[in-house]
Amino acid sequence: MHYRMLGNTGIKTSILGFGCMRLPTVAWDKARIAEKEAIKIIRKGIDSGITYVDTAEPYHMGESEIVVGKALKNGYRDRVTLATKSPVWKDDFNKPEHFEDYLNLQLKKLDVDHIDIYLLHSLDRTSWKEKVLGFDLIERAEKARDEGKIRYLGFSFHDSPDVLKEIIDSNAFRVMLVQYNILNPANEEMVSYAAEKGLGVAIMGPVAGGRLAGEPPVEMHQWLNRGRRNFVDMALKYVWTNPSVSVALSGMGSEQMVDDNLLIASDDTYTLSEEEMETAQDIRRKFKELTDNICTACEYCMPCPNEVNIPFIFTALTYYQVYNQKERARLYYKNIGNVEEYYPPGKDATACVECGECEKKCPQKIPIAEQLKKAHQILSTGV
Ligand code: SF4
Ligand code: SF4
């Protein structure tokens, strides 16, 4: 495992962080974490050198923090930098004092006396102005820090780089968590800018929400580096090639994923050569040619009031359009809701009534209703 400094916090962090939003579950049910397995893989990650564990209040419908807290018993808590997030984006976070209400609840759920990195979750232009500035959340966070409940304040972010710059320039934060990967390097300039100002930079979605994890079709095989079966190796190393990045978070849901990622993060050559960086651009161009859907399967759009399983439909679309696994994608789509046969719950795109609820919550600003129509057309007729 390689390590880097987390900005000027004085914390040394493993370059690979354990993201706890995709822990193993029972029968596709996000709220039912397979606890024993989840604890086992989190501890395996820590025993193998991971020192950064990241969760959030809404992950796994509120269950992730509880399981992470259990995983960090038996001495594991002191071996990691623990990060979680204040759900400022939620509709029920509508009063300034909800900051303390959530923080106290989260400390209880995690069963810890302090959180190392407390991030204001998923900031955008509106929540920055209305919630963070409007509710004086910086002052409230500083008070919580003085009381010893949190060590460092950070934010995670989903909006355009100009808003990101404004938040960095507030000088209120020591850590930021943003998306940055081969398919979407839009935050690159701000990643460097934040690091120059001394912020620790954590990256979410280094594998583009799993979009780079499929087995590519033959015509993309020339881009697989070092004999790998998928682009995960290249995707993680692409992120670490940027010296401004402190840690890349990977949402790991199985022991196999933990093993694979640990191997990559421990590789002597854990950054890309110039030639490989050019290959990364070829991959980006090819993806753009094949699909205009940029869903990262984050599930923030869920639940849909009409039970449309949006992330699963878009994942099937990626398998169809990018990985050329057409039959598999159509089979998945046809079987949404067929839980007896172990397919995921919910309904297909025809249940969408275009209410727009999901689009308000999508950090990628995807025109979901329109993309669902397109996905249905492709996945049901193959055209
Ligand atoms: S627009 Fe469609 S998919 Fe989105 S929340 Fe409304 S019904 Fe569900
Ligand atoms: S549609 Fe948007 S909110 Fe929903 S899973 Fe995809 S990226 Fe996330």
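Visitor: What makes a residue count among the 13 that surround ligand 1?

Guide: This is a predicted model, and in it a residue is counted when one of its heavy atoms lies within 4 Å of the ligand. For ligand 1 that gives 13 residues, of which C304, C352, C355, G356 and C358 are the closest. By class, this shell holds nine nonpolar, two polar and two charged residues.

Visitor: And which residues come nearest to ligand 2?

Guide: Ligand 2 has 13 residues around it, and C295, C298, E299, C301 and C362 are the nearest of them.

Visitor: How do you know that domain 1 and domain 2 are in contact?

Guide: The domain assignment gives domain 1 as 3-284 and domain 2 as 310-381, and their centres, taken over C-alpha atoms, are 26 Å apart. Contact, however, is judged by heavy atoms within 4.5 Å, and 13 residues of domain 1 are in contact with 14 residues of domain 2. The two domains bury about 1100 Å² between them, with 55% of it on carbon and sulfur atoms. On the side of domain 1, W28, H158 and R211 lose the most area to domain 2, together 47% of what that side buries.

Visitor: What polar or charged pairing is found across that interface?

Guide: The rule finds zero salt bridges between domain 1 and domain 2, whereas three residue pairs are in polar contact there. The side of domain 1 that touches domain 2 consists of six nonpolar, four polar and three charged residues.

Visitor: Why is the pair E35 and K70 called a salt bridge?

Guide: The closest N and O atoms of E35 and K70 are 3.2 Å apart, and the cut-off is 4 Å, so the pair qualifies. E35 is in helix α1 (residues 35-47) and K70 in helix α2, 35 residues apart, so that the pair links distant parts of the chain. By this rule the count comes to 29 salt bridges.

Visitor: What makes H60 worth a remark?

Guide: H60 is not a glycine, yet its phi is positive, at about 50°. Most residues other than glycine have a negative phi. H60 is placed in the loop between β6 (52-54) and α2 (64-71).

Definitions and conventions:
Residues are numbered from 1 along each chain as its sequence is written. Chains are lettered from A and ligands numbered from 1 in the order in which they are written. This is a predicted model: local features need pLDDT of at least 70, side-chain atom pairs count only at pLDDT 80 or more; totals for chains, interfaces and linings use all residues. Side-chain values use heavy atoms; hydrogens and water are left out. Ala, Val, Leu, Ile, Met, Phe, Trp, Tyr, Cys and Pro count as nonpolar, Asp, Glu, Lys and Arg as charged, and the others, Gly among them, as polar. Domain bounds come from an automatic or database domain assignment. Buried area is the accessible area (1.4 Å probe) that two parts lose on being put together, summed over both. A salt bridge is a side-chain nitrogen of Lys or Arg within 4 Å of a carboxyl oxygen of Asp or Glu. A polar contact is a pair of N or O atoms within 3.5 Å; within protein, one must be able to donate a hydrogen and the other to accept it, and residues adjacent in sequence count only if both atoms are side-chain atoms. Helices (H or I, at least four residues) and strands (E, at least two) are DSSP runs, numbered from the N terminus.
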